[in-house]
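Please go through the structure below with its pockets in mind, then its sheet.

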Amino acid sequence: MTNFGQAEAKSRLEAIVRRTGDYELGFPPGVRVRVYASGRTGARGLTTAAAVFDPGMALDFHRHDCGEAITVLEGTPTVLVEGRPHTLGRLDCVYVPGGVLHAVQNDSATEARIHSAFASPNPQRTFAEMGELPDSGSRGVGCPVPEAVSRFGLSSGYELAPGTDFHDLFAARLGSSGICGGFGMFQPGSGLPCHFHEYDESITIVAGHAVCQVEGRHYEVGLMDTAVIPEGLAHRFVNRRDSPMGMIWVYAGDEPRRVLVDNTRCSGAIGIASE
């Protein structure tokens, strides 16, 4: 990153988006969507959101002008891509490139919750016209397909710091473009070293609680709270509770890359920042 890029990044501050925000309009009854990182929060290159599908509810076939990574948080929804069904379990992920028709449906008797990440700060959604609805299995077995599916149970975990377990769910090497992300679990007392990235990041807490440190500012974040960190800002997450903490992280770049710095740059003066 150039010196100019570092100066520009530091002129933008982090945003903490709480889970109690308003739901987005324009979705069918029984489908509730809450947006976290986006152009409205100052993010560049990405949008993240969470959606809840009531039993039997669906979002009909549509396409976006950018790629989308759909990660399951709860339940067993089915994502249909050009008519091909992918029933997903917890932390399974499907990446759908821009312009590709897809739908999400919850045929189970319980709620389904998903996390979506888009490779744009302002993604657009267009519903399919009647004449372009895909047939089931529109591409035969063995034919190349545009989507990429990652099964959490088959992914390889890695440790970024003692007491952590990370899994990459979507990245360039896994079929996505413009965004990458995954799941991280922190045992009590664990935390990552202070670091920064050359692109913006969204971190959504999906289990437990954490302390988010950004350039000396401290925030308590809980379930479905999201931190939006601009490129170049040093940050880290620490689990100070007695139960595990889990997060979904998303970068506005093809592959995860971190630059480590001294932890004092993150910790600064101890205290909880006002918002």
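The second largest pocket is lined by 18 residues, and A50, L73, R113, L223 and M224 lie nearest its centre; a pocket here is an open set of points on a 1 Å grid over the protein atoms alone, where a 1.4 Å probe fits, with protein on both sides within 12 Å along at least five of seven lines, and lining residues have an atom within 4 Å of a point. This is a predicted model, in which local features need pLDDT of at least 70 and side-chain atom pairs count only at pLDDT 80 or more, while totals for chains, interfaces and linings use all residues. Residues are numbered from 1 along each chain as its sequence is written, and side-chain values use heavy atoms, with hydrogens and water left out.

**Second largest pocket**
- Its lining divides into twelve nonpolar, no polar and six charged residues (Ala, Val, Leu, Ile, Met, Phe, Trp, Tyr, Cys and Pro count as nonpolar, Asp, Glu, Lys and Arg as charged, the others, Gly among them, as polar).
- β2, β3, β5, β10 and β16 each supply at least two lining residues (strands are DSSP runs of E, at least two residues, numbered from the N terminus), and β3 gives the most, with three.

**Residue V72**
- V72 is found in strand β5 (residues 68-74) and counts as buried because its relative accessibility is 0% (buried means under 20% relative accessible area, with a 1.4 Å probe and protein chains only).
- V72 and R113 are 41 residues apart in sequence, yet 6.2 Å apart in space, C-alpha to C-alpha.

**Open sheet**
- Six strands form an open sheet with antiparallel pairing, in the order β1-β19-β16-β21-β14-β13 (two strands pair if DSSP finds at least two bridges between them).
- β1 (15-17) and β13 (164-170) stand at the edges, each with a single partner strand, so one side of each is left without a neighbour in the sheet.

Conventions. Helices (H or I, at least four residues) and strands (E, at least two) are DSSP runs, numbered from the N terminus. Buried means under 20% relative accessible area, exposed over 50%, partly exposed in between (1.4 Å probe, protein chains only).
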